[in-house]
Every structure is written in C-alpha cells, then in structure tokens.
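Subject: Structure handover

Hi,

Here is the structure I promised to pass on. Please open it alongside this email and follow along.

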Amino acid sequence: MDSPCQSCRLFGAQRSPHDLLGGGAVADVVLWRRKELAGGMLAAVVASWALFYCVPGNTLLSFVSQVLMILLTVLFVWAKAAQLLNRAPPPIPLMKISDESMSEAAEIVGSFMNKVLKDFENIALGKDSSLFYKVAFVLLLTSIVGRLTDLITLVYTSVVIALTVPALLEKSEEHIVRSFKKASIYVQACGRACKEYKCNMTNMISETKKLR
C-alpha cells in the first residue's frame, strides 16, 4: 500500500521532485531551497531580457563589449594613477585556470562528445530504434519552436520556466494531485453514466422493435 506521501505525488512518482532533479545544488536552486541565489538568477534573466528586447539598439555582444571596455578603462586608469601617486594597484585576483580544472573540463567534454558520437553511430547504423524516434521527435519539436521564436527568447523563456514551474509544482503538489483524483472520479462517473444510458437506449429500441 502506498504511503500518504507517495500517494500525493504527481503521476505516482516514487521520489520527491528534489531527488528527480538530482538532489544537488541545481535542484536546490530550481526548487528555491536557496532563495537568494534563485531570486537573483531570475531577476538577472528578466532584467537582461528587458534590457536587450525593450531598449532598442541593445544586443548581447554590444552590452558585453561596453561593460568590458568600461571595466578595463577604470582598471587601467586606476593602475596608472597608483603608479604616479605611489599607491597600491587595483586588487586584481589571480586569474589562472589550474591544470587539474582544465583536465577535468576536457574529460567531461570529451566523454559527452564521445557519447553523442556513439549515439549518432547507433542511429545511423539502425541499432537503436527508440533513440532514433526520441531524437527525431526532439528535432521536430525544436524545428517547430524555432519557427515561432528566436534562440535568445527561447533560452530566456526556458530559464524562467525552469526557475518557476518546478517550485510551484512542488509547493502545490498535493492540491494538484487531489484535483486530478477528483477529475478522474468525475470522468469515470460520466463514463459509467454514458454506458448505462447507452444500455437503456439499446433496451428501449429492442423493446420497441418487439412491439412492432
């Protein structure tokens, strides 16, 4: 018999939404367990979308270029002024990627690319039919969505959905499950009523034919 906790989960899931999302830092952010970080990310996404789409002439490339230009100009002038006034230079942190980090990143990228190439080979040689149908469906859906919107808007929308929908589902999970159960009971009752009505109508037609 299912426990009360499991019976109030969507689609009969055996694990919580936090576990389904991996149970790590990403799940904490998506489900708003770390509210400051999740709120900051959502605010940054909304602000950047408003900046690039509501203000004419702004693009991601021009914005990044202007920010970097201002930052480098301030640091350059600060460093030169510090040399002239015998003051400390700007506190620039050590910006260097360690060999271990590079090796780990290369290993992750390499394993991902090898998996993609292996899946491509399996599809091209007809070894995995289910994977072919899944990839074809995703590509078809991507093509349809691509006709309706551009890539940047799609990315913004996906991030906003990822930062809002899972948290709302987790918060309202029990209410949604109860509503689904009530709707299911109502549909089943309507189905039984339709069957009884159809049976009664069939009997009436049969009796009418007999009387004739």
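Below is what I found, going from the overall fold to single residues.

A caution to start: this is a predicted model. Every value here is computed from it.

Overall fold

The protein has nine helices and zero strands. Read along the sequence, the pattern is α-α-α-α-α-α-α-α-α. There are 212 residues, and 12% of them count as buried. I also looked at contacts between residues at least 6 apart in sequence. Of these, 49% join residues at least 24 apart.

H4 against H8

Two packed helices are described by the angle between their axes and the distance between the axes. Take helix H4, residues 35–54, and helix H8, residues 151–171. They pack at an angle of about 155 degrees. Their axes are 10 Å apart. An angle over 145 degrees counts as roughly antiparallel, so H4 is roughly antiparallel to H8. The crossing of H4 past H8 is left-handed.

Which residues make the contact? From H4 they are Ala38, Met41, Leu42, Val45, Ser48, Trp49, Phe52 and Tyr53. From H8 they are Ile152, Thr153, Tyr156, Val159, Val160, Leu163 and Thr164. Sorted by class, the contact of H4 with H8 has twelve nonpolar residues, three polar ones and no charged ones.

Ser48

Ser48 sits in helix H4 and is one of the residues in the contact with H8. Is Ser48 buried or exposed? Its relative accessibility is 19%. The cut-off for buried is under 20%, so Ser48 counts as buried. A polar atom of the Ser48 side chain lies 2.8 Å from the backbone oxygen of Val45. Val45 is also listed in the contact between H4 and H8.

Two asparagines

Asn86 lies in the loop between helix H5 (60–84) and helix H6 (99–124). Have a look at its backbone: Asn86 has a positive phi of about 55 degrees, although it is not a glycine. Asn86 counts as exposed because its relative accessibility is 72%, and the cut-off for exposed is over 50%.

Asn122 is placed in helix H6. Asn122 counts as buried, because its relative accessibility is 16%. Which residues does Asn122 touch, not counting those up to four places away in sequence? They are Lys127 and Asp128.

Best wishes

How values were computed. Residues numbered from 1 in each chain as written. Predicted model: local features only at pLDDT ≥ 70, side-chain atom pairs only at ≥ 80, totals over all residues. Heavy atoms only, no water. Axes fitted to C-alpha atoms, helices over the stretch in contact; angles between N-to-C directions. Helix = DSSP H or I, 4+ residues; strand = E, 2+ residues; numbered from the N terminus. Parallel < 35°, antiparallel > 145°, perpendicular 65-115°, else oblique. Left-handed = near helix turned anticlockwise from the far one by under 90°. Contact = heavy atoms within 4.5 Å. Nonpolar A, V, L, I, M, F, W, Y, C, P; charged D, E, K, R; others polar. Buried < 20%, exposed > 50% of the residue type's maximum accessible area, 1.4 Å probe, protein only. Polar contact = N/O pair within 3.5 Å; in protein donor to acceptor, adjacent residues only side chain to side chain.
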